[in-house]
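Me: I would like to go through this model with you. Could you have a look at it first?

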Amino acid sequence: MSRKIVLATGNKGKVAELSQLLTPLNIHIVPQSEFNVSEVAETGTTFVENAIIKARYAAKITGLPAIADDSGLAVDALGGAPGVYSARYAGSNATDSDNIDKLLHSLSGIAPVKRQARFLCVLVYMRSSEDPTPIICQGEWHGEITVERSGESGFGYDPVFWVAQKKCTSAQLTKEQKNALSHRGKALQQLLVKLSDNVEKAGE
Ligand SMILES: O=P(O)(O)OP(=O)(O)OP(=O)(O)OC[C@H]1O[C@@H](n2cnc3c(O)ncnc32)[C@H](O)[C@@H]1O
Ligand SMILES: [Mg+2]
């Protein structure tokens with residue numbers, strides 16, 4: 001029997017990546033848009049807090065277990081910014097393109113060797129909105145910020161995130177290639193292990 005879990009994100013790019021990685025589990029993943037779950041204020045100062053806020057809210061509205069992702073880009077030359085504020089870097093209604101423009105502007109004049117960055121992802125699984133022991137997993141992906149955009153795939157900062165191993169940006173990778181290397185892919189591999197234990201136990 002497959003169990004339903006709500007995916008607590010309003011980001012279609014995340015839904016696409018996470019759904020693909022969750023396919024092997026015997027669970028039915030439903031994006032929160034199907035339940036009309038609205039956006040919740042991400043008032044935390046850490047990825048962990050914000051992921052819990054999002055998972056808890058979706059679990060509360062739907063009555064289902066929830067998985068949330070809070071993620072972002074930390075740039076060394078900017079002291080780790082935009083970090084937790086990556087989605088709002090260029091303002092509260094910023095588009096991905098606005099955020100990239102601000103990032104490239106902030107790094108203008110910075111030499112290629114000093115443009116190191118990391119994508120970070122925290123995934124949280126909550127069995128219910130009152131779950132006192134959420135499962136928390138994290139992943140990191142190292143790269144460099146380019147001076148201009150390349151590629152059309154992915155979302156967010158992907159067009160300016162250089163992946164040395166593949167000699168292209170993360171927006172030039174296929175979904176499968178990105179999932180094999182990315183912060184989200186790494187966090188999800190851990191979650192899959194913990195979740196399969198958990199879902200099996202819950203079904204016993
Ligand atoms: O909160 P939800 O509804 O999940 O969707 P969101 O897009 O607002 O997501 P976050 O609050 O976690 O903000 C993440 C930011 O980091 C960026 N980001 C995260 N993972 C990324 C990835 O794999 N590739 C490119 N950008 C990414 C993303 O574009 C956002 O600007
Ligand atoms: Mg968000």
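Reply: A convention first: a residue is buried if 20 or more other C-beta atoms, placed from the backbone, lie within 10 Å of its own, exposed if 12 or fewer, and partly exposed in between. This is a predicted model, in which local features need pLDDT of at least 70 and side-chain atom pairs count only at pLDDT 80 or more, while totals for chains, interfaces and linings use all residues. Residues are numbered from 1 along each chain as its sequence is written, and chains are lettered from A and ligands numbered from 1 in the order in which they are written.

Me: Then Asn 36: buried or exposed?

Reply: Asn 36 is exposed, because it has 8 other C-beta atoms within 10 Å. Its place is in the loop between strand S2 (27-31) and H2. Helices (H or I, at least four residues) and strands (E, at least two) are DSSP runs, numbered from the N terminus. The phi of Asn 36 is near 55 degrees, a positive value in a residue other than glycine.

Me: Which loop holds Lys 167, and what is its phi?

Reply: Lys 167 sits between strand S6 (161-163) and strand S7 (168-169), and its phi is also positive, near 55 degrees. Lys 167 counts as exposed because it has 8 C-beta neighbours inside 10 Å.

Me: Which residues are joined by a cis peptide bond?

Reply: Ala 81 and Pro 82 are, with omega at about -5 degrees. Pro 82 belongs to the loop between S3 and H3. Most residues other than glycine have a negative phi, and most peptide bonds are trans.

Me: On to the fold. How many helices and strands are there?

Reply: The protein chain has five helices and seven strands, in the order β-α-β-α-β-α-β-β-β-β-α-α. The radius of gyration, taken over C-alpha atoms, is 17 Å, close to the 17 Å from the globule rule (2.2 Å times the number of residues to the power 0.38), so the chain is as compact as a globular protein of 204 residues. Buried residues make up 38% of the chain.

Me: What surrounds ligand 1?

Reply: There are 23 residues around it, the closest being Thr 9, Asn 11, Ser 86, Ala 87 and Gly 156; a residue is near if its C-beta atom, placed from the backbone, lies within 6 Å. Strand S3 (66-75) and helix H3 (96-106) each give two or more residues to this shell, and S3 gives the most, with five.

Me: Which residues of H3 are buried?

Reply: Asn 99, Ile 100 and Leu 103.

Me: What is Ile 100 in contact with, beyond its sequence neighbours?

Reply: Leaving aside neighbours within four places, Ile 100 is in contact (C-beta atoms, placed from the backbone, within 7 Å) with Arg 149, Tyr 157, Pro 159 and Val 160. Ile 100 is buried because 22 other C-beta atoms lie within 10 Å.

Definitions and conventions: Contact = placed C-beta atoms within 7 Å.
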